[in-house]
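Have the model open as you read.

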Amino acid sequence: MPITFYQKNFSQLSLNQLYALAKLRADVFVLEQNCLYPDLDNKDQQALHILGYKDNELVAYARCFKPGLYFTEASIGRVLVAKNQRKKAFGQQLMHQAIKAIASHYSTSSIRISAQLYLLEFYTSLGFVKTGGSYLEDGIPHINMLYYK
(Lines give C-alpha, C1' and ligand atoms only; values in the text may rest on other atoms or scores of the structure.)
Protein backbone atom coordinates (compact mmCIF):
# COMPACT_ATOMS: atom_id res chain seq x y z
CA MET A 1 0.00 0.00 0.00
CA PRO A 2 1.50 3.36 -0.98
CA ILE A 3 1.95 6.26 1.37
CA THR A 4 -0.01 9.49 0.79
CA PHE A 5 1.50 12.83 1.83
CA TYR A 6 -0.18 16.04 2.88
CA GLN A 7 1.28 19.48 3.57
CA LYS A 8 -0.51 21.57 6.18
CA ASN A 9 0.22 24.65 8.19
CA PHE A 10 -0.77 24.59 11.85
CA SER A 11 -4.21 26.15 11.38
CA GLN A 12 -5.07 23.53 8.74
CA LEU A 13 -4.39 20.58 11.05
CA SER A 14 -7.46 18.87 12.43
CA LEU A 15 -7.51 17.96 16.12
CA ASN A 16 -7.09 14.30 15.15
CA GLN A 17 -4.07 15.11 12.97
CA LEU A 18 -2.49 17.21 15.71
CA TYR A 19 -3.04 14.44 18.25
CA ALA A 20 -1.64 11.80 15.86
CA LEU A 21 1.53 13.78 15.11
CA ALA A 22 2.13 14.60 18.79
CA LYS A 23 1.63 10.94 19.73
CA LEU A 24 3.91 9.67 16.96
CA ARG A 25 6.63 12.17 17.91
CA ALA A 26 6.37 11.09 21.56
CA ASP A 27 6.42 7.39 20.58
CA VAL A 28 9.61 7.80 18.54
CA PHE A 29 11.60 10.57 20.21
CA VAL A 30 10.61 10.19 23.87
CA LEU A 31 9.75 6.50 24.32
CA GLU A 32 11.75 4.70 21.63
CA GLN A 33 14.85 6.90 21.90
CA ASN A 34 14.43 7.34 25.66
CA CYS A 35 14.96 11.09 25.42
CA LEU A 36 13.20 13.58 27.64
CA TYR A 37 13.08 16.91 25.81
CA PRO A 38 10.55 19.70 25.24
CA ASP A 39 8.87 18.44 22.07
CA LEU A 40 6.06 20.98 22.34
CA ASP A 41 8.34 23.96 21.77
CA ASN A 42 5.88 26.60 20.48
CA LYS A 43 7.30 26.21 16.96
CA ASP A 44 4.60 23.96 15.51
CA GLN A 45 2.47 27.04 14.95
CA GLN A 46 5.12 28.40 12.53
CA ALA A 47 5.83 25.10 10.78
CA LEU A 48 4.68 23.52 7.58
CA HIS A 49 3.79 19.96 8.58
CA ILE A 50 4.42 17.05 6.22
CA LEU A 51 2.16 14.13 7.10
CA GLY A 52 2.48 10.69 5.50
CA TYR A 53 -0.46 8.32 5.78
CA LYS A 54 -0.77 4.63 5.02
CA ASP A 55 -4.16 2.97 5.48
CA ASN A 56 -5.47 6.12 7.20
CA GLU A 57 -2.72 5.96 9.84
CA LEU A 58 0.00 8.59 10.26
CA VAL A 59 3.27 6.71 9.65
CA ALA A 60 5.70 9.46 8.56
CA TYR A 61 6.12 13.05 9.66
CA ALA A 62 8.39 16.08 9.39
CA ARG A 63 8.07 19.78 9.95
CA CYS A 64 9.58 22.49 7.78
CA PHE A 65 10.51 26.08 8.59
CA LYS A 66 11.16 29.11 6.46
CA PRO A 67 14.64 30.63 6.47
CA GLY A 68 15.51 32.48 9.66
CA LEU A 69 13.43 30.55 12.19
CA TYR A 70 15.97 27.90 13.19
CA PHE A 71 18.88 28.61 10.88
CA THR A 72 19.70 31.21 8.24
CA GLU A 73 18.52 28.62 5.71
CA ALA A 74 15.16 26.86 5.63
CA SER A 75 15.10 23.78 7.83
CA ILE A 76 13.49 20.39 8.30
CA GLY A 77 13.07 18.77 11.70
CA ARG A 78 11.21 16.16 13.73
CA VAL A 79 11.74 13.73 10.84
CA LEU A 80 10.37 10.30 11.66
CA VAL A 81 8.82 7.11 10.40
CA ALA A 82 6.78 4.87 12.70
CA LYS A 83 8.85 1.93 13.97
CA ASN A 84 6.64 -0.69 12.30
CA GLN A 85 6.90 1.08 8.91
CA ARG A 86 10.68 1.44 8.58
CA LYS A 87 12.79 -0.16 5.85
CA LYS A 88 10.10 0.60 3.26
CA ALA A 89 11.71 3.78 1.81
CA PHE A 90 9.13 5.98 3.55
CA GLY A 91 11.93 8.08 5.06
CA GLN A 92 13.31 8.90 1.62
CA GLN A 93 9.82 9.68 0.32
CA LEU A 94 9.17 11.90 3.34
CA MET A 95 12.38 13.86 2.86
CA HIS A 96 11.73 14.32 -0.87
CA GLN A 97 8.29 15.69 0.02
CA ALA A 98 9.80 18.06 2.60
CA ILE A 99 12.48 19.29 0.19
CA LYS A 100 9.83 19.95 -2.49
CA ALA A 101 7.59 21.70 0.05
CA ILE A 102 10.39 24.05 1.06
CA ALA A 103 11.13 24.88 -2.57
CA SER A 104 7.47 25.65 -3.33
CA HIS A 105 6.49 27.40 -0.07
CA TYR A 106 9.69 29.29 0.70
CA SER A 107 11.28 29.64 -2.77
CA THR A 108 14.62 28.23 -1.68
CA SER A 109 16.56 25.03 -2.06
CA SER A 110 19.03 25.82 0.72
CA ILE A 111 18.08 23.65 3.69
CA ARG A 112 19.93 23.06 6.95
CA ILE A 113 19.16 20.21 9.32
CA SER A 114 20.39 19.10 12.71
CA ALA A 115 20.60 15.38 11.99
CA GLN A 116 21.03 12.57 14.45
CA LEU A 117 24.55 11.34 13.79
CA TYR A 118 23.54 7.72 13.22
CA LEU A 119 21.51 8.93 10.20
CA LEU A 120 24.49 10.62 8.51
CA GLU A 121 24.56 8.09 5.64
CA PHE A 122 20.78 8.39 5.11
CA TYR A 123 20.90 12.18 4.79
CA THR A 124 24.07 12.09 2.68
CA SER A 125 22.26 9.79 0.23
CA LEU A 126 19.62 12.52 -0.16
CA GLY A 127 22.18 15.19 -1.04
CA PHE A 128 22.88 16.71 2.39
CA VAL A 129 26.50 17.50 3.25
CA LYS A 130 27.86 17.68 6.80
CA THR A 131 29.04 21.14 7.77
CA GLY A 132 30.86 20.57 11.03
CA GLY A 133 31.61 18.18 13.82
CA SER A 134 29.18 16.28 15.95
CA TYR A 135 27.57 17.72 19.08
CA LEU A 136 25.07 16.60 21.71
CA GLU A 137 21.49 17.78 21.45
CA ASP A 138 19.19 16.51 24.18
CA GLY A 139 21.82 13.87 24.98
CA ILE A 140 21.90 12.45 21.42
CA PRO A 141 24.84 12.97 19.01
CA HIS A 142 23.85 15.26 16.12
CA ILE A 143 25.53 16.92 13.16
CA ASN A 144 24.63 19.98 11.09
CA MET A 145 24.05 19.26 7.43
CA LEU A 146 23.26 21.46 4.43
CA TYR A 147 21.31 20.72 1.25
CA TYR A 148 21.53 22.99 -1.77
CA LYS A 149 20.60 22.22 -5.37
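## Ground rules

This is a predicted model, where local features need pLDDT of at least 70, side-chain atom pairs count only at pLDDT 80 or more, and totals for chains, interfaces and linings use all residues. Numbering runs from 1 along each chain as its sequence is written, and side-chain values use heavy atoms, with hydrogens and water left out.

## Arg78 and its strand

Arg78 sits in strand β4, residues 74-81 (strands are DSSP runs of E, at least two residues; helices are runs of H or I, at least four; both are numbered from the N terminus). Arg78 counts as buried because its relative accessibility is 19% (buried means under 20% relative accessible area, with a 1.4 Å probe and protein chains only). As for β4, 7 of its 8 residues are buried, so the strand is largely enclosed by the rest of the structure.

The side chain of Arg78 makes a polar contact with that of Asp39 at 2.6 Å (a pair of N or O atoms within 3.5 Å; within protein, one must be able to donate a hydrogen and the other to accept it, and residues adjacent in sequence count only if both atoms are side-chain atoms). Beyond its neighbours within four places in sequence, Arg78 is in contact with residues including Arg25, Phe29, Tyr37 and Tyr61 (heavy atoms within 4.5 Å).

## Strand partners

On one side of the pairing list, β3 (residues 57-65) runs antiparallel to β4 over 5 bridges (two strands pair if DSSP finds at least two bridges between them). Phe65 stands opposite Ser75 of β4. Strand β5 (residues 111-116) is parallel to β4, joined by 2 bridges, and Arg112 in β5 is the bridge partner of Ser75.

Further along, β5 and β7 pair antiparallel over 6 bridges, with Ile111 opposite Tyr147 of β7. Strand β6 (residues 129-137) is also joined to β7 by 6 bridges, again antiparallel. In the hairpin of β6 and β7, with 2 residues between the strands, Asp138 takes a positive phi near 55°.

## The largest pocket

Which element gives the largest share of the lining of the largest pocket? That would be β4, with 7 residues. The lining has 39 residues in total, and Phe29, Val79, Leu80, Leu119 and Tyr123 lie nearest the pocket's centre (on a 1 Å grid over the protein atoms alone, a pocket is an open set of points where a 1.4 Å probe fits, with protein on both sides within 12 Å along at least five of seven lines; lining residues have an atom within 4 Å of a point).

Notes. Buried means under 20% relative accessible area, exposed over 50%, partly exposed in between (1.4 Å probe, protein chains only).
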